[in-house]
Amino acid sequence: MLKEMIFSGFGGQGVLTMGSLLAYAAMKEGKEVSWMPSYGPEMRGGTANCMVNVSDEPISSPIVTEYDIVVVLNQPSLDKFEPRVKKDGILIWESSTIKRGPTRDDIKAYALPAIEIATEELKNVKVMNMLVLGALMKADPIVGTDSLMTALKETLPERYHHMLPLNQEAFELGMSKV
Amino acid sequence: MGETKLMKGNEALAEAAIRAGMQGYFGYPITPQSEVIEYLALEEPKHNYVLLQAESEVAAINMVYGAAAAGSRVMTTTSSPGFSLMQEGLSYIACAELPCVTVNVCRGGPGLGTIQPSQGDYFQAVRGGGHGDYQLIVLAPNSVQEMVDHTVLGFELADKYRTPAMLLSDGAIGQMMEKVDLPDPIPYKPDKPWATTGKTPDRERNIITSLYIKSEVMEKVNDRLQAKYQKITDNEVRFEEYHLDDAEVVVMAYGLSSRICKKVVDLARESGIKMGLLRPITLWPFPEKKVAELASLDRVKFFFSVEMSVGQMVQDIRLAAEGKKPIYFYGRKGGIVPTPDEVLEFARKKIEEN
């Protein structure tokens with residue numbers, strides 16, 4: 001099994017965190033992983049992404065140009081990465097802010113108004129990325145839900161641990177939306 | 001028992017240095033390797049090393065010189081423009097025969113260039129970027145795990161031969177996270193009778209210098225250095241082979257490019273092309289014997305080198321192959337990483353031509 005993925009959105013939306021949580025959880029399950037961030041003179045509001053590979057075998061190239069899974073949280077990311085989803089691959093897109101949705105019919109596209117749901121149902125837009133991660137895990141359960149929750153607990157500084165239940169709620173809500 | 005973690009290359013390198021018993025770090029922040037000094041600063045209270053942010057890379061390398069002369073296990077890390085600033089100091093350290101580890105997390109140049117990953121500093125690393133006849137032992141990690149392994153190895157080789165070792169990495173390896181097995185802390189017991197630790201009544205003064213005014217003496221120093229470099233060349237060549245057993249096309253790459261090329265070999269094999277990868281792990285000493293051996297095989301049609309530069313290692317391959325086989329080059333510049341597909345496309349074209 002080799003899954004090649006990219007998570008892309010505005011800096012601050014939590015795309016790098018989504019990718020590293022997934023990589024961490026997969027590593028804990030004994031898989032090989034790589035996480036490669038776009039880096040540069042980045043700032044909040046600019047576009048950020050990370051490529052994540054999860055595999056049963058050692059990973060050759062950490063950099064890939066076509067993906068099994070693409071998660072996009074803003075319009076520029078969708079425009080850039082929709083053409084790079086492999087045939088029959090998965091595209092998850094944030095549908096409350098992206099105006100022009102995907103046009104391809106040879107991929108599995110999932111629209112998720114994550115920002116709207118997080119704001120209205122959970123009253124906290126910051127857990128939006130966990131909603132999206134939940135949706136992804138429903139569309140393709142690459143790792144176990146428990147592993148992801150453990151990953152969050154082990155990587156989140158203790159002073160934020162009171163946020164864990166809300167994150168779990170967001171994750172489960174995301175799963176129910178696909 | 002070591003431990004397994006998910007770490008960035010730069011952080012893993014810093015942690016490895018701590019576990020290798022590093023006693024001093026002198027450096028100056030520069031993207032894409034600033035996480036090294038950041039990590040070491042965070043960890044400093046828990047350990048017993050000196051951490052100093054120098055006023056410049058010139059100062060940092062001279063602090064390394066001083067601390068190494070006093071017998072300490074020391075390191076500095078930087079990225080391309082910073083490494084250029086260190087060349088004078090490195091030449092002094094090589095001549096004074098002092099062990100230390102230096103790291104260049106390479107970015108795109110020339111000039112201030114870009115902060116994206118590159119391999120444009122190969123010549124500077126393997127030809128001795130400073131003045132005079134000297135060499136650095138150059139290790140080229142291609143994973144976060146090797147950032148750890150090579151840091152430990154770098155310290156060991158530097159001590160063994162009393163010579164500076166370096167890691168030539170790149171921004172991508174420094175920034176990416178992978179699974180990494182960290183070694184247990186290594187008890188470091190310095191055995192450096194030559195160090196300037198203060199004269200005792202029972203021995204002569206230890207003098208560390210790179211200044212020898214008399215030509216006859218300077219020539220002898222050079223002879224000694226060259227004998228040492230020959231010993232390193234005889235004993236420390238390291239490389240990795242991937243599907244070379246029946247290879248008709250040999251691709252050569254190091255660092256990040258070698259990861260890309262592993263994928264290229266897999267893709268090529270799927271479509272029936274007998275390709276193999278030869279990855280130098282030590283860039284100096286270069287695996288010339290292995291190249292020469294492959295070049296003299298009838299089944300090998302040609303070599304090609306893949307680099308994130310305009311083609312530097314390709315010259316070492318040509319020297320080692322001694323004209324026996326065509327040597328081609330494919331590369332991207334300025335911080336762009338070649339994709340497996342474009343490399344394979346290049347290989348296909350060359351197969352048609354041959």
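User: What is the volume of the largest pocket, and what makes a set of points a pocket rather than a cavity?

Analyst: In this predicted model, the largest pocket has a volume of about 1,500 Å³. A cavity is a set of points where the probe fits but cannot get out, whereas a pocket is an open set, and therefore the word pocket says that this space is open.

User: Which residues line the largest pocket, and what makes a residue part of the lining?

Analyst: A residue counts as lining because it has an atom within 4 Å of a point. The lining of the largest pocket holds 48 residues, and A:T17, A:S20, A:T155, A:L156 and A:P157 lie nearest its centre. By class, the lining has 24 nonpolar, 12 polar and 12 charged residues.

User: Why are strand 3 and strand 12 of chain B called edge strands?

Analyst: Seven strands of chain B form an open sheet in the order 3-2-4-5-7-6-12, with mixed pairing. Strand 3 (50-53) and strand 12 (282-284) each pair on one side only, and these are the edge strands.

User: How do you know that strand 2 and strand 4 of chain B pair?

Analyst: Pairing requires at least two bridges, and two bridges join strand 2 (residues 24-27) to strand 4 (residues 74-78) of chain B, so the two strands count as paired; they run parallel. B:G24 has B:V74 as its bridge partner in strand 4 of chain B.

Definitions and conventions
Residues are numbered from 1 along each chain as its sequence is written. Chains are lettered from A and ligands numbered from 1 in the order in which they are written. This is a predicted model: local features need pLDDT of at least 70, side-chain atom pairs count only at pLDDT 80 or more; totals for chains, interfaces and linings use all residues. Side-chain values use heavy atoms; hydrogens and water are left out. On a 1 Å grid over the protein atoms alone, a cavity is a set of points where a 1.4 Å probe fits but cannot get out, and a pocket is an open set with protein on both sides within 12 Å along at least five of seven lines; lining residues have an atom within 4 Å of a point. Grid points are joined across faces, edges and corners, and a volume is the space filled by probe spheres set on the points. Ala, Val, Leu, Ile, Met, Phe, Trp, Tyr, Cys and Pro count as nonpolar, Asp, Glu, Lys and Arg as charged, and the others, Gly among them, as polar. Helices (H or I, at least four residues) and strands (E, at least two) are DSSP runs, numbered from the N terminus.
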